[in-house]
Amino acid sequence: MIEVAVRRSKHRIILKRLHALYSTTPNPSNHHHHHHQQQHEGEGESIENRTYWTKRIHNLCSKHGKVDEALHLLDNLRLHGYSPDSLNLSSIIHALCNSYRFTDAHNRLLQFINTHSVPDERTCNVLIARLLDAKTPQQTLIVIRSLIAAKPAFVPSLINYNRLIDQFWSSNQSGEACKLFDDMKTRGHSPNSVTYTTMINGFCRVGELDNAYTVLDEMSKMGVLPNSLTYSVLLRGVLRKRNAEEYTELMNQLWEKMINENDAAVNNAAFANLIESLCREGFFHNVYRIADDMPQGKSVNEEFAFGQMIDSLCRAGQHHGASRIVYIMRKKGYLPSCVSYNYIVHGLSKNGGCMRAYQLYKEGTEFGYHPSHTTYQVLVEALCQESDICKAKGILEYMLNIEAIESTRIYNIFLRALCNLDNPSELLNVLVSMLQNQCPPDVVTLNTILKGLCKTKRLDEALKVLNDMLAGNLCAPDVVTFTTIISGLLNGGRTEEAFHLLRVKMPENGLKPGIVTYNAVLRGLCKVQKVDEAMGIFCDVLKGGIVVNSTTYTIIIEGLCGSNRIDEAKRFWDDLVWPSKIHDDFVYAEILKGLCGSGKFNEACDFLYELVDCGVSPNIVNYNILIDKACRLGLKTQAHLILGEMRKNGLTPDSVTWRILDKLHGKSKRGLSDSNSSLQLRKVAETLDRDFSGRRQEEMIGIKSLNESPADVNSNPVHRQHSSSRVDARKGS
């Protein structure tokens, strides 16, 4: 009796502590009353009161979103004999999945299973379904196997099997998908049409069409009728094989199945998959034929069918083809949705078809279409690039007449497009038009106009606009305003006026220049060869506590190299840039261009390989700089060695790389055609890959020998002459 009393007393103490930890106070004003009520509710609760603790865990997970507190509470309860049930596990796993903590959900469920806290079969299937939302099939399969090991009678539901098989196919794990397909049959499941369709789709995805037909045959033997989606996914595999005869036969079967199919959702999925497959494989003429003939009849909603064609064609970059579908629709008495129409106009505008896009826009206004802000922007920008201001103005006026439109924003988009046209008079005309239409220009409007004026060297007019802003006739300027004009003045050689704005006018208006403004100042000074003044400004920036960025360093190094002060640029890199750890590919490119331009090609190679040794991964532009210089110097072997080193470091040559090497190759062997030349270069690159894989092994052996003995090892394939101590010093930085 004494032992029982002591145990109960300990339980009460533990429960008081638990309640103190996990009591929630939703209303701070009633904190005292709520805290007293919580203590009162928990005073007499025991571990055996499962209803109370289940409710408490559920509230922490679902109502308050405090899954970590719920886990802590549950762990403490388990230490004192509490065994979690299916409701507890369900609350925890659902809360973790709702927080997108799928890895934690997998691990926690495994932990529960390993400690013999296994939920009932229904809950197991519900939790597996939640874990499948993570789309990590291997992790979910581990959980399923653990559940089966703990409960040999447990069998995952057919839906969960189907989802898991599909995920394995999607992650290119065909072996696991096939094993799972066999496993579900050995555990008593009879695959349904979804299962077989998933397997056929998987085999078609990996190009195993024969296996897909084998599954289709098994499907028929098992008495499972293929539906329209089954034939649709099989058609994908046939399209990849370019088998016209099979394609025609399957298409006829598909249309027949769709007409007899009662489930509209299955037909919609089958049709969408078919159109997507045709566009992906380049059979666009078949899509146009389907749009003309509509062989599916009424089995698929016509507007859905046309919308799917437009969407798939646009995804494939066939915006002109999508506009053809629109004409077919209108001929049949249907109107495209504004979303689909906008998709076409936007795509045409961005991909060199702005005149066609404008034609569609004009036709669309007849049935109430108006472009979105983004589409309006790309369309007027494209028209301005074509110098067709009249059409762009027409769209501007149309957009301004739309109700509840932000007129100032519409004007700003148009002004930004005009800036690309270098037409300052038109910019000022738009400003006058805004004032006449009682549309007040904001600071974005004026900054855009100032940018256009400065770009075309109309600095006096830009200063007049700034003075109007300072006088209160227009909205007040901001930092961007001053940065724009300062940059324009410096580019125009008007240094004193620029510094007056920077050091007098900005402080007078309560504006403090940031690093973007100072970068503009530095760039302007370096452009007019005033590098010493730029270095003075840079020192002032550091003294003022302003944080510099990689753009700052790029400008300084470009200025020093452009003034043929290479040694200073190297010291600047060693003393400031590298220790700061604020550097990127633009900084590396300027140093490489400076070294190459001053005739120090070997040092440029040395610099790039030092970066690689220190764990930096320069991009392809940096390698192209070295390859280009090697080609200009006629160093064919070195150019190919740099190419091999680039590929060894995980970079693939781009069109610029091949163009540079093709010029070098053309100089040495003009008799070869362009195609043969490019082919030979690629063969050389493949040979270099094999050579460098062997050389890399030798290099690693050499490094190992260096660690064991003081002998120097020169492992750089292109004049690597830096000392190991210098590399170590950089790594230490």
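Mentor: Contact means heavy atoms within 4.5 Å. Please keep this in mind for the questions on this predicted model.

Trainee: By class, how many residues in the contact of helix 33 with helix 34 are nonpolar?

Mentor: Glu counts as charged, and Glu 603 of helix 34 takes part in the contact. The contact has one charged residue and no polar ones. The number of nonpolar residues is 10.

Trainee: Is helix 33 roughly parallel or antiparallel to helix 34?

Mentor: The axes of the two helices come within 7 Å and cross at roughly 160°. Because angles over 145 degrees count as roughly antiparallel, helix 33 is, relative to helix 34, roughly antiparallel.

Trainee: Is Thr 375 buried or exposed?

Mentor: Thr 375 belongs to helix 21, which spans residues 373–385. Leaving aside neighbours within four places in sequence, Thr 375 is in contact with Asn 342, Val 345, His 346 and Tyr 369. Buried means under 20% relative accessible area. Since the relative accessibility of Thr 375 is 0%, this residue counts as buried.

Trainee: How many helices does the secondary structure of the protein chain contain?

Mentor: The protein chain has 733 residues, of which 47% are buried. Its secondary structure includes zero strands, and the number of helices is 39.

Notes
Residues are numbered from 1 along each chain as its sequence is written. This is a predicted model: local features need pLDDT of at least 70, side-chain atom pairs count only at pLDDT 80 or more; totals for chains, interfaces and linings use all residues. Side-chain values use heavy atoms; hydrogens and water are left out. Axes are lines fitted to C-alpha atoms, for helices over the stretch in contact, and angles run from 0 to 180 degrees between N-to-C directions. Helices (H or I, at least four residues) and strands (E, at least two) are DSSP runs, numbered from the N terminus. Angles under 35 degrees count as roughly parallel, over 145 as roughly antiparallel, 65 to 115 as roughly perpendicular and the rest as oblique. Buried means under 20% relative accessible area, exposed over 50%, partly exposed in between (1.4 Å probe, protein chains only).
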